Amino acid sequence: ISSMDENETVGIVASGTSQQPTRYYLYDFEKNSLEWLVDSRPWIKAEQMAEMKPVEFTARDGRTIRGYLTIPAGSDGKNLPMVMNPHGGPWARDGWGFNPETQMLANRGYAVMQVNFRGSTGFGRDHMQSSWKQWGQAMQHDVTDGVLWAVEQGVVDKNRVCIYGGSYGGYATMAGLTFTPDLYKCGINYVGVTDIGLLFETAPDAWGEMETMKKMVGDPKSEKEFLEEWSPSNHADKIKVPV
């Protein structure tokens, strides 16, 4: 229920699936009736869209990592090219539902994998805190291990994998291209961090004192060398593929 009137007699119900964009209905509480109002994207045909399926795998240190794998509609789901698509935040998460970007890639024949690596929200405090000071390290291993899992399942051709993400996902893209340069054939960094120390220098005033960020990512003064070590900009010479 996305909204209702002041007396709570009628409400707007939003409904959707990974293949069906949001539909809106009018719900009458007293009559217990539901009336269709409008589709958010009426030009989209659900039967032509690809299904987003929940998956889980075990990371190299034994942690269970969950995410979503979208296979192109009509595909046999084997030996496909894949786009790994890490989310931004990083303290956010990918969720199940209609994703226009995912559908666009799947429509072009790519499998799409979205991994809720450690630090992703919604999986408990331990999963969240296990990401502290792990940019480029355990957080990145979860992304890498997701690729390896998909290859092991026979879904993905190991020689046809690219990585694309925005914000922290852009950082994960560049970390993937620099720290695991043989894993991907290309990368797309959308507004992603490449120099972690610079992130602190250029942060907008609205972000405040950044004390929490220092605790979760690293202190640019006392841990300057540590942040430099995990900044992809300092490892650009390792990149082998188009960016």
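Analyst: Let's begin with a definition: helices (H or I, at least four residues) and strands (E, at least two) are DSSP runs, numbered from the N terminus. The model here is predicted, so local features need pLDDT of at least 70, side-chain atom pairs count only at pLDDT 80 or more, and totals for chains, interfaces and linings use all residues. Residues are numbered from 1 along each chain as its sequence is written, and side-chain values use heavy atoms, leaving out hydrogens and water.

User: Which strands does helix α3 lie across?

Analyst: Contact means heavy atoms within 4.5 Å. Helix α3 (residues 138–152) lies across β5, β6 (64–70), β7, β8 (111–116) and β9, at about 105 degrees to β5. Such angles run from 0 to 180 degrees between N-to-C directions, with axes fitted to C-alpha atoms, for helices over the stretch in contact. Helix α4 (residues 168–179) lies across β9 and β10, at about 140 degrees to β9.

User: What is the order of the six strands in the open sheet?

Analyst: Strands of a sheet pair through backbone hydrogen bonds, either parallel or antiparallel. Two strands count as paired if DSSP finds at least two bridges between them. In this model the order is β5-β6-β8-β7-β9-β10, with mixed pairing. Because β5 (52–58) and β10 (187–190) each have a single partner strand, one side of each is left without a neighbour in the sheet. From one strand to the next, the twist averages 25 degrees. For a parallel example, take β7 (residues 80–84) and β9 (residues 156–166), which pair over four bridges; Leu80 stands opposite Val156 in β9.

User: What is the pairing in the open sheet of four strands?

Analyst: That pairing is antiparallel, in the order β1-β2-β3-β4. The edge strands β1 (3–4) and β4 (33–39) each pair on one side only. Two bridges join β1 to β2 (residues 10–15), and Met4 has Gly11 of β2 as its bridge partner.

User: Back to α3: how many of its 15 residues are buried?

Analyst: Buried means under 20% relative accessible area, exposed over 50% and partly exposed in between (1.4 Å probe, protein chains only). Eleven of the 15 are buried, so α3 is largely enclosed by the rest of the structure. Among them are Met139, Val143, Val147 and Trp149. The buried residues pack against β5, β6, β7, β8, β9 and α4.

User: What is Asp145 in contact with?

Analyst: Asp145 is found in α3 and is buried, with a relative accessible area of 8%. Leaving aside neighbours within four places in sequence, Asp145 contacts Phe57, Ala59 and Arg60. Just after α3, Gly154 takes a positive phi of about 85 degrees.
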